[in-house]
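Thanks, everyone. Please have a look at the model on the screen before I start.

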Amino acid sequence: MSLPIDSIDAEKQLDTVTRSSRPTSPSDLDSDSSKVIGCLAYVPVVLGRNTSRFTRLLRHNVIGKILLILGSGYFITIAMLYMFSSDVYPSTDSLKALFETGSNANSAPVEPKPIEDGRFDPRAIVTALRATSTDEVSVFDWGDWLDLSEVKGYAETSESSKFNWLSKTVPLSEVNFPPRSKADEKEQAFVGKLYLDNFARVPSQVIMVGEARATYAMRAKDASRNHVDYSEQPEPEETEQQKQDREKGEEEDRKQEAEMNKKKQDRENRRKEAEEKRKKLGEEKKEEKKEDETADKTKRDDETEVDLENIPVVSQVPDAPSPRIINMTPAEMAKEKARVFPPLLPALANGTLEDKVAVTLNASMFTLDLAALQKTGVNSSPLEIKHAEMIKKARKYVGTSSKHFYEVLLTNDPYGHGTHYDWRFFNLVRLGNEHEAVMHHLMRAWSMFADQEGIASWISHGSLIGWYWNGISMPWDSDNDVQMPIVELDRFAQLYNGTLVVEDEKEGTGRYYIDVGPWYVSRHKGNGRNVIDARFIDIRSGIYIDITGLAQTDRPGQFACKNNHYYHHDWLSPMRRTLYEGAETYVPNMYEAVLRDEYNKYRQSTFKDWSFNRDLRLWVPTKKCAKFNVPSLKFDENNDLNLYGACNDANIYKEYTLTKEVSREHANEMDIYNRMDIVNKNGKNMFVDTDETRALFADEFRVYYPPLRADPGISADKSWQH
């Protein structure tokens, strides 16, 4: 697995010591190693040429044959002794020294080396943007944030704008965006860049995360490419069939809404009946007391009778409507957004760390009242009017909605790698260490952004399983998943849709695009094209986080996403603060109930070719580590895990060294949870909310853990690659 920037030198040192302990291939060897191995390989040739005549004489008599056998045994013995000497397998102390820099949680990240002249530098635009005022509207160009030099000069009307697509040369005007035909990686990447450079709308704002926190309003040089919400887009033309489908969908929605209203009314009627029965069965003394209280209240009202003739007349003239959004400065717009869409959970936005340890999710956060949101009046602000228009239009066309998020269709892709990339930002399929590095920075960036902006969300699905075992994504997992209440998703869409998020500079050079589909207004699976509500996309690779909203269902007390995953309220609330990939985020309250309902075998410590090693606190290849199971050999005299304990594999030992502090912290956290579970009388895995518990967890979260993986954009020895 890849190393952070400050561990590159350690990796090179270790390779020189342990190179002979693992198989090598030409791609694994640097030039110096190749020379050394070449010389060693030439020694037998020289010896063979000079001793061949002598050995031919020996093999023709008995003594010579005995000497040859003894000599061969001698060389084999020496080779075996050499293989198991400290020269090949260094001591734990030497290994610890090599990796000390990369595993120190409090060490400062090493600054990457400057990029050579003429190369694309993704840091340049951030520096330039910081030099501007946050109260200005800056011009956004995708070419400042991504290396689009390959497609510069292509224009839809130009004769020269032809390129290879599907094994033929076509003009730009004949290409569909997004492309719906399979193509190879290079062709798909080229089309994505063409779209960004010529047609893609630009983000409405850029938000920087971390100590340099700031928000910059953006616009396109060409006004037609400014970011707009769904309310401002022209209504799509409908075919007769689409109209019938839409009307049918609207009728089904009305029936479902009427059915839900009937159920609510029935529940209300039953509640009233029960309340009336309790009143009738009440004791006589309570009735008398109630009568006395009523008499006292009547007496007080008589004593404070209002003089109706002298009540001042209140003007009925409504307040003037707010100024149009187009006339607002960025500062005024930010203030207006904060007023119209305030944080749902003040503890997340302004609370102390103790307040954030466990955050209660009100049941009302899972019910989006679309009818109320569509109503506007003379006092409605422009933002509220736009919001209402967006919901009206989305509800009207959701029945015939096309797919909002498109992935990459690749030829020769039997494992479906292309489905984990957004087509606009795709450039190549990333596997193994490189894919893990992107996922790692992507998840950390989301966690820090959500924490900074007070967004209520928690990890789910496969990401939650990875957290359960060691607080880290599983090595075979292809994406990350996040959930949030539907009301928070609506707020998230209004505040952040079309936003470009810049990773904290001490973390790396990541840039992430937020895209929320308008179809989140419908909570039915429908045609199945839009079960994902939003995505947080790494624009350097196209890899993304899936974001889904949870909403109230026809099952009382249960919430669900559009893909029919159901959750009880107490499974989710209060959401617990934790560490995932070394960054602070949240998990559901009863996480085991969630996992048990979705994954029956989530506690199984083997999966396909992987096994969970409890000494390493890592998932490792089962076959590679099967033979290294002698407990007495795994640890040195200081009880530190040695190379044998890491399956005699240098790469596994590197991964252990990089992750051991984070996984140890996760183990401590789970131990606290287990002790809390003993306290619970009902036997459920629920959070015990006390001041002591909050203080205990808050202390666990005060330590900053730097990234475990190298920045996939810029590292100490390679420039930005796109």
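I'll go through a sheet, some salt bridges and a surface patch.

First, the ground rules. This is a predicted model, where local features need pLDDT of at least 70 and side-chain atom pairs count only at pLDDT 80 or more, while totals for chains, interfaces and linings use all residues. Residues are numbered from 1 along each chain as its sequence is written, and side-chain values use heavy atoms, with hydrogens and water left out.

Now the sheet. It is open, with three strands in the order β6-β15-β16 and antiparallel pairing. Strands β6 (358-359) and β16 (583-587) each have a single partner strand, so one side of each has no neighbour in the sheet. Strands here are DSSP runs of E with at least two residues, helices are runs of H or I with at least four, and both are numbered from the N terminus. Two strands pair if DSSP finds at least two bridges between them. β6 and β15 (residues 575-580) have two bridges, in the antiparallel sense. V359 has M575 in β15 as its bridge partner.

What packs on this sheet? Helix α16 (residues 461-470) does, touching β15 and β16. Contact means heavy atoms within 4.5 Å. The direction of α16 makes about 75° with that of β15. Axes are lines fitted to C-alpha atoms, for helices over the stretch in contact, with angles from 0 to 180 degrees between N-to-C directions.

On to charges. A salt bridge needs a side-chain nitrogen of Lys or Arg within 4 Å of a carboxyl oxygen of Asp or Glu. The count is 30. One of them joins D451 and K356, at 4.0 Å from N to O. D451 is in helix α15 (residues 432-453) and K356 in helix α12 (residues 353-356), so this pair ties together parts 95 residues apart in sequence.

Buried or exposed? Buried means under 20% relative accessible area, exposed over 50%, partly exposed in between, with a 1.4 Å probe and protein chains only. K356 is buried at 12%. D451 is partly exposed at 25%.

Next, R577 and E584. Their closest N and O atoms are 2.7 Å apart, in a salt bridge. R577 is buried, at 2%. E584 is partly exposed, at 22%.

Then R702 and D699: another salt bridge, 3.3 Å from N to O. R702 is partly exposed at 48%, and D699 likewise at 49%. As for networks, salt bridges that share partners join K356, D451, R577 and E584 into one.

Last, L70. This residue sits in helix α3 (residues 62-83). At 56% relative accessibility, L70 counts as exposed. With V62 and I66, L70 makes a nonpolar surface patch of about 310 Å². Patches take residues with over 30% relative accessible area and no salt bridge, joining nonpolar side chains (Val, Leu, Ile, Met, Phe, Trp, Tyr) within 5 Å and like charges within 9 Å. Areas come from the Shrake-Rupley method with a 1.4 Å probe, and for residues only the protein chains shown count as cover.
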